[in-house]
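Hi,

Here's the structure I said I'd pass on. Have a look at it first, then read on for what turned up.

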Amino acid sequence: MVSSPPPEFVAVILAGTTGARLFPLTTTGQETPGGGADVHLPKHLLPIGGIPAIVSLVKRVSEAGFESCIVAVAPSSVGPTRTALTSHFPPAEPQGNNKNSEPWLMLGPTKIEFVTLPSECAGSTQALRHVSTSLSPQSHVMVLACDVVLESPTILQRLANAHRRSFFYPEKDTCACTMLLCNVGDEDETTGVPLKESAKQKKGGLAREEEEIEYTGLAVVEGAHDDDNTSRRVLMKQYKVVVEEDEDMVGTTPKLMVPKRLETPLEIRTDLYDVHMYVLSPWVLHQLLPARPKLASIQKELLPLLISRQFRGIASAFGSRSLMEPANQDLLNQAIASLSSSPIQTSEQEEDDFGNSEVKLADKNRAFTVNATVMPRGTLAIRACTVPSYLHACREVVSRAISSSKNDDSNPVVLLPEGTTVQAKFNSIVLPEAVLGEKVTVKASAVGRRSKVGTK
């Protein structure tokens, strides 16, 4: 029997966090059996347009054509997450089980697996290390936050295609990571001046929190703009609060550190939003992360490492101190071997300028790239990870559902439960099992499940 080749891309949805920033929406109002605190509702089970966020995201993954999807969940939410998926999708019997995973389900072409994370999981990279034991070393991994809301599966396809072009057909260096950025800027309709976050909120848009704003430096590509599929190299990515921090409280002028010796012009932007969607090449997952066990966060630690070391090469990403371990030297050789058919040079001990012993790869320290694809302004691709962003996502889903109904769109861009009534005339939707009184008219609203309006 000939085994099928491993999937080119595997979607990994990280659903192990508590969603503290969504309090009190993540509390059920019910006490635990022992009479303690409220029962916690995982953030990925919060409904958006009447459907749990995790259900909509898995549906998008399946529509995008992924063969495999892994949902990594905390031990306490495995049961509720499985129940939510099986109650919204056509019935599917478990097809088997895998190491470290629960029995899987099928949705169209997509195999859905549930991997239970350790009770003490230090962060997103630790979750990836745990999930990696269930993945083929040839598959690229698309990492998704469980609270991502997407208007269309084409967003996932665009990100995968951008990574595919950068990894398999690079102009110069292979790609280590491709991320999704979304243009969330807005301008004054009269003057064209960019609006501040507070002004965007007054217009009904989503205002980012101060901690979410970043200075993002992209390589300038002639003729490229956000509406096309051009992949842009990420040369810098720093949080605004870090750049502008005044530790000594003396009014120091903020300084933005720009990488030296750049071969291409640099465009610095603050209107880009990191959606927490990343495609990682196999060597990052299977060789780099094991060699750097202290990395805890993808966004705050792994990405800055890759961005800062991309010109210095793969061995630099591993780090000279890490490469003093023979096991990590083997991991580095494996990483380079997976990217090149040339024989691997042996590593050797040398001394740096300060007399410290470090490991250098004689001839095979390959440079790599960190790229991004930018979605144009107005695209619904956000994280519903705070109360304001969650409410904004709910409003956008309702608005787009009504717009699709007015345009008689047979293929609407949003997902709604079966049996939902869209009242385009009154800009409202009524979810299943809701009851409206005979003389009740609801305008510009979304009536939730099992709600009763105007009846005793």
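To get your bearings: in which strand is the place of Thr174? Thr174 sits in strand 11, which runs over residues 174–183. Keep in mind as you read that this is a predicted model.

Thr174 counts as buried, because its relative accessibility is 3% and the cut-off for buried is under 20%. If you skip its neighbours within four places in sequence, Thr174 touches Ser166, Phe167, Leu339, Arg366, Ala367, Phe368 and Thr369.

Next, the cysteines. A search of the whole structure turns up zero disulfides. Take Cys175: the nearest cysteine sulfur belongs to Cys177 and lies 6.7 Å away, whereas a disulfide needs the two sulfurs within 2.5 Å. Cys175 is also buried, with a relative accessible area of 0%. Cys121, on the other hand, is partly exposed, at 29%.

Now for a pair of helices. Helix 3 (residues 124–131) and helix 7 (residues 282–291) have axes that come within 10 Å and cross at roughly 125 degrees. So helix 3 is oblique to helix 7, since that angle falls between the perpendicular range, 65 to 115, and the antiparallel one, over 145. The crossing of helix 3 with helix 7 is left-handed.

Which residues meet there, in helix 3 and helix 7? From helix 3 come Thr125, Leu128 and Arg129, and from helix 7 come Leu285, Leu289 and Pro290. By type, the residues of this contact split into four nonpolar, one polar and one charged.

Cheers

Methods
Residues are numbered from 1 along each chain as its sequence is written. This is a predicted model: local features need pLDDT of at least 70, side-chain atom pairs count only at pLDDT 80 or more; totals for chains, interfaces and linings use all residues. Side-chain values use heavy atoms; hydrogens and water are left out. Axes are lines fitted to C-alpha atoms, for helices over the stretch in contact, and angles run from 0 to 180 degrees between N-to-C directions. Helices (H or I, at least four residues) and strands (E, at least two) are DSSP runs, numbered from the N terminus. Angles under 35 degrees count as roughly parallel, over 145 as roughly antiparallel, 65 to 115 as roughly perpendicular and the rest as oblique. A crossing is left-handed if the near helix is turned anticlockwise from the far one by less than a right angle, and right-handed if clockwise. Contact means heavy atoms within 4.5 Å. Ala, Val, Leu, Ile, Met, Phe, Trp, Tyr, Cys and Pro count as nonpolar, Asp, Glu, Lys and Arg as charged, and the others, Gly among them, as polar. Buried means under 20% relative accessible area, exposed over 50%, partly exposed in between (1.4 Å probe, protein chains only).
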